[in-house]
Amino acid sequence: MNARLLPPLSLLTLLVLGACASVPERNVALDQARSRLAAVKAQPQTAALAADELTQATEALRVAEAARAAGDSLSRVDHLAYLAKQRTVIAEETANSRAAQAVTASAATERDRLRLAMRTREADAAQGKLAASEQANIDKTAALAQADATAMADRDRLARREAQVDDLQGQLRELNARQTDRGLVVTLGDLLFSSGQANLQPEGQRSMVKLADFMKRNPQQRAAVEGYTDSVGSTAFNQELSDRRAHAVLDSLVQSGVPAAQLSMQAFGESRPVASNTTASGRQMNRRVEVVFASQAAGLTAK
Amino acid sequence: MAQPSSLRRPAATLSCAFGVGLMLLGGCASAPVPKEQLAVAEAAVKQASSTATGEGAPLELRVATDKLAGARAAVASGDMVRARQLAEQAELDARVAELHAQTTRSRKAAEESQNAARALSEELDRKAVR
């Protein structure tokens, strides 16, 4: 080959080859379009969400490949490769957009679910409060009923006690009890004893029965039996007489069933006279046994 | 007003023959104006030229509008092959611009909705702890 002819000949060859393009040559744009489509097809999201668009892109690439294989011009193959690339981008972007829309939709559903859970929880809380307040109401009503019952029981107890007191007062009236600063005093007069003696007369027995009854019916009433005499006779004699009379009363009560624990005794002899010893009636009044109920029991007053 | 500008230019016979040859190989020697394709491209670009797309994908939209203008210019200079190609490309470019802007919006909305759901979930947990 003549060296001077080489450059123009090779240039011509290249031009002819470029113009005729009977042999398919590599096309950069087509290669890029092909690899891009392959990459996007491999994305599971795109395949799932943009199947139609992907099909169109595949078809566009096929057209571009066919043009290259048929020896179409560079500009034509480039153009078709560009279209195929853009269709691939469209498929990818369509899938991305749909995926984002799905996320929004599911987030909205999640929000609705959460709101529902919140409303349900609020409703349950309100229901719980209602139940609690209803229960409180029931409890209050029960407490009120209980208080009523207690009040009624108290009233009954008071009524019984008042009846008891009335009864007590009735009994005390029968005993001729007298309210003093020492307490309630039942005086057993001299006539209940034989003169100068300590034996109880029949009249005295009847008083004893009444007194014993009273004490048995009121076991909480404790009594002090006190013996007194007038000033006639020696102090020692009178002391001993008052002691024997007080004893007689005490024994009589005990024999009638009054517990000894309810009773105590004291002999005062001629001390503490209640009347003047210079007159007969005064002396008679001084000759006595007093049964004293200390005024600690409630409601124990003589009327 | 299509006038093949290549015939006007003073050129050597060889380059002229090559030019015709290339046009022949291109497949469209006396091509009509690609009216239908231009109309489709114009509609696609018009649709994509909304404010939303302009804000979301300005570069992509610019590509589409430039190619449409190029298609019209190619018609004016008599290069119908090129006009058709540019019109076809402009149609797809417009769609890409639209989708790009839409994807950006959708992703933003998705993120906001997820944040809202998370905030609600946290609020629910706070109330539960009380």
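**Figure 1. Order of elements in chain A of the predicted model.** From the N terminus on, chain A runs α-α-α-α-α-β-β-α-β-α-β-α-β. That gives 8 helices and 5 strands. Helices are DSSP runs of H or I with at least four residues, strands are runs of E with at least two, and both are numbered from the N terminus. Of the 303 residues of chain A, 28% count as buried. A residue is buried if 20 or more other C-beta atoms lie within 10 Å of its own, exposed if 12 or fewer, and partly exposed in between, with C-beta atoms placed from the backbone. Residues 24 or more positions apart supply 72% of the chain A contacts with a separation of 6 or more. A contact here means two C-beta atoms, placed from the backbone, within 7 Å. Residues are numbered from 1 along each chain as its sequence is written, while chains are lettered from A and ligands numbered from 1 in the order in which they are written. This is a predicted model, in which local features need pLDDT of at least 70, side-chain atom pairs count only at pLDDT 80 or more, and totals for chains, interfaces and linings use all residues.

Figure 2. Chain B has 6 helices and 0 strands. Its elements run α-α-α-α-α-α from the N terminus on. Buried residues make up 35% of its 130 residues. Of the chain B contacts with a separation of 6 or more, 73% join residues 24 or more positions apart. The average pLDDT of chain B is 82, and 75% of the residues score at least 70. Over residues 24–28 of chain B the pLDDT is below 50, and this stretch has 8 contacts in the model beyond near neighbours in sequence. pLDDT is the predictor's confidence in each residue, from 0 to 100. The model scores ipTM 0.75 and pTM 0.51.

**Figure 3. The contact between chains A and B.** Chain A brings 26 residues to the contact, and chain B brings 27 residues. Helix α5 (residues 74–174) of chain A gives the most to the chain A side, with 24 residues. By class, that side has 12 nonpolar, 8 polar and 6 charged residues. Ala, Val, Leu, Ile, Met, Phe, Trp, Tyr, Cys and Pro count as nonpolar, Asp, Glu, Lys and Arg as charged, and the others, Gly among them, as polar.

**Figure 4. The span and end of α5(A).** Helix α5(A) has 101 residues. From its first C-alpha to its last it reaches 147 Å, close to the 150 Å expected at 1.5 Å a residue. The expected span is 1.5 Å times one less than the number of residues. Just after α5(A), A:N176 takes a positive phi of about 55°.

**Figure 5. The largest nonpolar core.** This core holds 45 residues, of which A:A64, A:A84, B:A71 and B:A90 touch the most other members. A nonpolar core is a set of buried Ala, Val, Leu, Ile, Met, Phe, Trp, Tyr and Cys residues joined through C-beta atoms within 7 Å. Elements giving two or more residues are α2 (28–41), α4 (51–69) and α5 of chain A, together with α3 (35–48), α5 (58–76) and α6 (80–129) of chain B. The largest share, 12 residues, comes from α6(B). Leaving aside neighbours within four places in sequence, B:A90 is in contact with B:A41, B:V45, B:A64, B:K67, B:L68 and B:A71. A second, separate core of 28 residues includes A:L184, A:V185, A:F193 and A:F293.

**Figure 6. Antiparallel pairing around β2(A).** Strand β1 (residues 177–180) of chain A and β2(A) run antiparallel, joined by 4 bridges. Strands pair if DSSP finds at least two bridges between them. A hairpin links β1(A) to β2(A) through 2 residues. A:T180 has A:G183 as its bridge partner in β2(A). Strand β2 (residues 183–189) is mostly covered, with 5 of its 7 residues buried. β2(A) also pairs with strand β5 (residues 288–294) of chain A, in the antiparallel sense, over 7 bridges. There, A:G189 stands opposite A:R288 in β5(A).

Figure 7. β3(A) and β4(A) run parallel, joined by 6 bridges. A:L263 in β4(A) is the bridge partner of A:A223. A:R272 lies in the loop between β4 (263–269) and α8 (280–286) of chain A. Its phi is near 60°, a positive value in a residue other than glycine. A:R272 is exposed, because 10 other C-beta atoms lie within 10 Å.
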